[in-house]
Amino acid sequence: MSHPRSRLKALKWPGKGLLGVFSWLVFIFLVAPLLVVVPISFSGGSYLRFPPDSYSVRWYQTYFGSQSWIDATLLSILVGTVATILSVVLGFLFALGITRGLRRWSGALEKLALAPMIVPSIVYSVSMYSLFAKLGLVGTWYGIALAHTVLCLPFVIIVLAAGLKEYDVDQETAAIGLGASRLVAIRRITIPQIRSSLLSAAFLAFITSFDELVVAMFLSSTFGTLPKRMFDNIRLQIDPTIAAVSVLEIVMIVIAMFVLLRMNKGEASRLA
Amino acid sequence: MNLRLQAIKAQAGALALVSPALALLGLLFFYPIVLLFFTTLEGDNIGNYAKVVSSGTSMQVFFNTLRIAVIVTVVDLLLAYPLAVYISGLSPTGKAIAFFLVLIPLWTSQLVRTYAWMVLLGRQGPINNILVWLGVIDAPIRLANSEFAVVAGMTHIMLPYMLLPIYNSISKIDHSLFDAAKGLGAGALSTFTRVLVPLSIQGVLAGVSLVLVLSLGVFIMPALLGGGRVPVIALLIEQQAGSFLNWAMAGTLSAVLMVIVMITFLVIKFLTRMFVRGRIDVAST
């Protein structure tokens with residue numbers, strides 16, 4: 001059995017210690033910028049000084065006390081939830097289809113479904129605005145949710161197709177052989193076994209929508225989602241409310257990550 | 001029961017499963033993009049292409065976007081490759097921690113990360129403080145609102161996209177190959193250049209492709225960290241549409257950006273195929 005540690009040990013080159021030092025510097029580069037916002041969010045003053053002169057929780061109070069921040073957050077949760085449900089349902093059916101049949105076409109179909117990943121969001125926004133302007137869907141929350149569903153779909157399909165390829169279809173076939181209908185077999189045998197993939201897919205879909213700025217900016221008229229509110233706040237007034245919002249988002253992500261890591265039995269690489 | 005009939009039924013079932021997602025993509029993704037392309041070719045709009053090509057400013061912006069994307073890609077490759085090698089040599093626990101550190105920034109909102117960089121590079125931010133404290137500079141200097149800030153922030157945002165495909169391809173390499181190379185008398189350098197690099201080149205190209213393509217369309221970082229000094233295509237498109245309400249010009253610029261992205265994507269795909277073939281040739285001789 002190959003021991004993971006021995007994997008690159010054969011590469012006994014003199015710079016091994018140096019590689020470790022370099023790698024930890026890169027890790028610091030990845031994480032440190034996020035930690036910088038924590039002290040700022042507890043700042044007592046209203047301008048950007050690091051470290052702050054005094055500390056308070058006033059920016060958290062500002063966030064929770066502001067109707068416009070709360071409205072923007074609720075709107076983003078609504079749009080994100082609808083986009084997540086739609087993309088997970090459609091993506092699950094799609095992933096079932098390409099892993100169960102269509103052998104010659106499944107590769108091409110999967111590539112086709114991943115196309116939204118490489119189209120720049122500004123190009124997609126301009127295209128969708130032109131279409132939605134004709135349909136009268138600009139300025140509706142469900143218009144944004146539909147556009148977000150398209151953007152979430154590739155992530156859902158990648159995660160679920162990988163999960164379904166690992167899953168042994170014979171179990172489902174056995175259940176059908178024992179008299180279950182296919183629908184029952186999928187619901188009671190397949191879905192419970194790929195539950196962690198489904199949760200990862202839903203999580204990725206939700207944050208894709210919840211963080212999306214450009215499409216939401218083009219398709220909303222007067223109201224704004226949370227990213228739009230954050231963008232305006234950074235561009236126009238830049239007070240530490242944005243730092244408080246940032247810290248709340250980071251805490252949410254860390255909690256979600258712990259839950260998903262536990263579900264995936266500690267195998268973090270499966271989430272990537 | 002007729003086996004062929006059963007097979008056809010299974011295919012029809014699979015087709016029924018994929019069709020809702022395909023319908024959505026067709027109606028709300030491929031159709032609007034194709035529509036955009038056709039609109040730019042209609043009537044007076046076609047003249048916009050000539051305007052884009054003949055205008056020094058917009059060509060400058062395209063060139064600038066490409067240059068920034070290439071810088072970010074090269075820096076990320078130099079950071080990600082050694083890191084991927086390091087992570088693949090870690091214990092399972094070490095790997096879990098490493099992934100945690102990579103995925104947390106990847107999953108954090110881009111606006112949060114952009115704001116973090118504004119704090120970091122601010123006049124009274126930590127970097128300026130440290131530089132003053134070290135005596136490198138006498139007074140805080142302008143770090144934010146510059147191309148440097150945009151490149152630094154983009155490098156941070158894109159790093160996981162470079163790292164994950166490279167890590168994937170390195171972790172798939174059979175470690176006994178390294179022993180074999182050593183047994184055959186290869187030193188560390190030739191093991192690196194003749195075993196590790198050729199076997200991970202697909203991951204490298206996948207990472208390069210992803211980072212280049214994403215960097216070409218980047219909007220948030222130049223808008224917020226560039227302070228109006230870093231013109232990129234996405235900003236130009238937003239300006240045409242949002243400020244000038246010139247949707248025809250925004251459409252033409254979008255179409256040109258889309259073509260540049262497609263060409264980049266296809267060139268790297270072609271390169272990947274060349275490398276795969278080249279490797280087979282080396283192995284057979």
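Trainee: Before we start, what are the ground rules for the model and the numbering?
Mentor: Residues are numbered from 1 along each chain as its sequence is written, while chains are lettered from A and ligands numbered from 1 in the order in which they are written. The model is predicted, with local features needing pLDDT of at least 70, side-chain atom pairs counting only at pLDDT 80 or more, and totals for chains, interfaces and linings using all residues, and side-chain values use heavy atoms, with hydrogens and water left out.

Trainee: OK, how many helices and strands are there in chain A?
Mentor: Chain A has 12 helices and 0 strands, where helices (H or I, at least four residues) and strands (E, at least two) are DSSP runs numbered from the N terminus. Along the principal axes, the C-alpha atoms of chain A fill a box of roughly 70 × 65 × 30 Å.

Trainee: And what share of the residues in chain A is buried?
Mentor: Of the 272 residues in chain A, 52% are buried, with buried meaning under 20% relative accessible area, exposed over 50%, and partly exposed in between (1.4 Å probe, protein chains only). Among the contacts in chain A with a separation of 6 or more, 68% come from residues 24 or more positions apart, a contact being heavy atoms within 4.5 Å.

Trainee: Which domains does the assignment give for chain A?
Mentor: Domain 1 takes 34–65 + 242–272 and domain 2 takes 69–238, with bounds that come from an automatic or database domain assignment. The centres of these two domains of chain A, taken over C-alpha atoms, are separated by 25 Å, and their contact takes 14 residues from domain 1 and 17 residues from domain 2.

Trainee: How much area is buried between those two domains of chain A?
Mentor: About 1,500 Å² is buried between domain 1 and domain 2 of chain A, and carbon and sulfur atoms give 71% of that; buried area here is the accessible area (1.4 Å probe) that two parts lose on being put together, summed over both. On the domain 1 side, A:Tyr63, A:Ile242 and A:Met263 supply 38% of the area buried against domain 2, more than any other three residues.

Trainee: What about polar contacts and salt bridges across that interface?
Mentor: Between domain 1 and domain 2 of chain A there are 0 salt bridges, a salt bridge being a side-chain nitrogen of Lys or Arg within 4 Å of a carboxyl oxygen of Asp or Glu. The polar contact count between these domains is 1 residue pair, both at pLDDT 80 or more, where a polar contact is a pair of N or O atoms within 3.5 Å; within protein, one must be able to donate a hydrogen and the other to accept it, and residues adjacent in sequence count only if both atoms are side-chain atoms.

Trainee: Which element gives the most to the domain 1 side?
Mentor: H12(A) gives the most to the side of domain 1 of chain A that touches domain 2, with 8 residues. That side has 11 nonpolar, 1 polar and 2 charged residues, counting Ala, Val, Leu, Ile, Met, Phe, Trp, Tyr, Cys and Pro as nonpolar, Asp, Glu, Lys and Arg as charged, and the others, Gly among them, as polar.

Trainee: Switching to the two chains, how many residues does the contact take from each?
Mentor: The contact takes 96 residues from chain B and 94 residues from chain A, and the two chains bury about 8,500 Å² between them, 82% of it on carbon and sulfur atoms. B:Leu28, B:Trp107 and B:Tyr115 supply 10% of the area that chain B buries against chain A, more than any other three residues.

Trainee: And how many salt bridges are there between chain B and chain A?
Mentor: The count is 0 salt bridges between chain B and chain A, alongside 3 residue pairs in polar contact, both residues at pLDDT 80 or more. Helix H1 (residues 3–41) of chain B gives the most to the side that touches chain A, with 19 residues, and that side of chain B divides into 72 nonpolar, 17 polar and 7 charged residues.

Trainee: Which helices do B:Arg67 and B:Glu147 lie in?
Mentor: B:Arg67 and B:Glu147 form a salt bridge with their closest N and O atoms 2.8 Å apart. B:Arg67 lies in helix H3 (residues 56–88) of chain B and B:Glu147 in helix H7 (residues 147–171) of chain B, so the pair ties together parts that are 80 residues apart in sequence. B:Arg67 counts as partly exposed at 31% relative accessibility, and B:Glu147 counts as partly exposed at 26%.
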